[in-house]
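User: Hi! Could you walk me through this model? I'd like to begin with pockets.

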Amino acid sequence: MMQRFILVFIILLIGCKQSDKKQDFKSIDDPVEVTVLKIPKLDLEQANKLAALPLHCINSEYPNKLSQTLGGDEDLKKPAILHPAFYGCFDWHSAVHGHWSLVSLLKSNPDLKNSKNLKMRLLRNLSKVNIEGEVAYFSGKYNKSFERTYGWAWLLKLAEELHTWDDETARVLEENLQPLTDLIIEKYTAYLPKLNYPTRVGTHGNTAFGLSFAYDYAVAVNNEVFKLAIETRAKHFFLQDENCPMSWEPGGSDFLSPCLEEAALMKRLLPIEDYKSWLEAFLPELKNKNFTLETGKVSDRTDGHLVHLDGLNFSRAWSLNKIAEDLPEYAHLKPIAIQHLNHSLPSIFGDSYEGGHWLGSFAIYALNSF
């Protein structure tokens, strides 16, 4: 009897040990690898490392991709003149979410290294006069659709982060940013009824990604009009969708998953039971406990498009976490999210500028989702 008890104990012990491990999610034909499941944490040490990434570029004017339509010689100006707040980090949207990164890290880690200097940098960059200059740029004849909708979404994410940060500096920054925030809301609200078809891509134009960030802002500030505009259009675009082709993903330069971004957006909008029914029709394979998803593989991190796949791993992580949130039957998606995050996180430190100028923001947002 004692021997039988010991044998059962050993079997239970082995089972417990194995529950602390996971399979590396590869194709069925690949050999199985067992690795320790390490849930990443955005602690102070990690935060200080991540803060160095936007600090390296938010005030670096060159290299710079302006994405500008020239109406005449008068439009040929230095980036810092055209965009007095957001001229760094290679392009406008990366400069915006570089500033979001610093705000997010300061908000979650008040003891961040050189926090006073970081706040002064934010106050200097996002000054009232600099934001007025950004607003003026959008009034140009050829600039009305500038950064639509990816840059718009990140601007609203920055505004949301400031609004939810209980700090005196945040109140000043939020007030300074408000004219540009209001302009983006106005432009977004006017644009949505004109958009007859959603953009289902893995890059900047993805409609679901933009609407997710815009919706988060609307909820945070209780803007019911903006919130309703987003809900109405998102349901028009996506409510009847079925069988999203996950097997077609990713594209060679994707940093977003069209299927998972849409699923994460609808999680925000639908009552839980309605969402479960919708998700089973949209991505039926996700409910399978044996569902696997291979991480995006980067072959050359000095190539600005190929390195996008590190961003894909981060965005998949935050989308999978959102989908699984409060749904025990989808809890098996969380280890896949962790695996995607852990795959790319070490690569962004000491990375080439092609990835280093933007990937930190994606990593922070993914880390915040756990």
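**Pocket and backbone chat**

Analyst: Happy to! The largest pocket has 23 lining residues, and K65, F90, D91, H93 and H204 are the ones nearest its centre. Keep in mind that this is a predicted model.

User: What volume does the largest pocket have?

Analyst: About 470 Å³.

User: And which elements give two or more residues to its lining?

Analyst: Those are α4 (92-108), α7 (150-163) and α15 (353-356). The largest share is from α4, with three residues.

User: How does the lining divide into nonpolar, polar and charged?

Analyst: Six nonpolar, twelve polar and five charged residues.

User: Back to D91: where does it lie?

Analyst: D91 is in the loop between α3 (79-82) and α4. D91 is buried and has no salt bridge; K65, the nearest side chain of opposite charge, is 6.2 Å away.

User: Which residues is D91 in contact with, leaving aside neighbours within four places in sequence?

Analyst: K65 and H357.

User: New topic: which residues does a cis peptide bond join?

Analyst: One joins Y62 and P63, with omega about 0 degrees; P63 is in the loop between α2 (44-55) and α3. Another joins E249 and P250, with omega about -5 degrees, and P250 lies in the loop between α10 (224-238) and α11 (258-269). Most peptide bonds are trans.

User: What about phi of E147 and N243?

Analyst: Phi is positive in both: near 60 degrees for E147 and near 50 degrees for N243. Most residues other than glycine have a negative phi.

User: Are those two buried or exposed?

Analyst: E147 is buried, at 13% relative accessible area, whereas N243 is exposed, at 52%.

Technical notes
Residues numbered from 1 in each chain as written. Predicted model: local features only at pLDDT ≥ 70, side-chain atom pairs only at ≥ 80, totals over all residues. Heavy atoms only, no water. 1 Å grid on protein atoms, 1.4 Å probe; cavity = no way out; pocket = protein on both sides within 12 Å on 5 of 7 lines; lining within 4 Å. Points joined across faces, edges and corners; volume = space filled by probe spheres on them. Helix = DSSP H or I, 4+ residues; strand = E, 2+ residues; numbered from the N terminus. Nonpolar A, V, L, I, M, F, W, Y, C, P; charged D, E, K, R; others polar. Buried < 20%, exposed > 50% of the residue type's maximum accessible area, 1.4 Å probe, protein only. Lys, Arg positive; Asp, Glu negative; His and termini not counted. Salt bridge = Lys/Arg side-chain N within 4 Å of Asp/Glu carboxyl O. Contact = heavy atoms within 4.5 Å.
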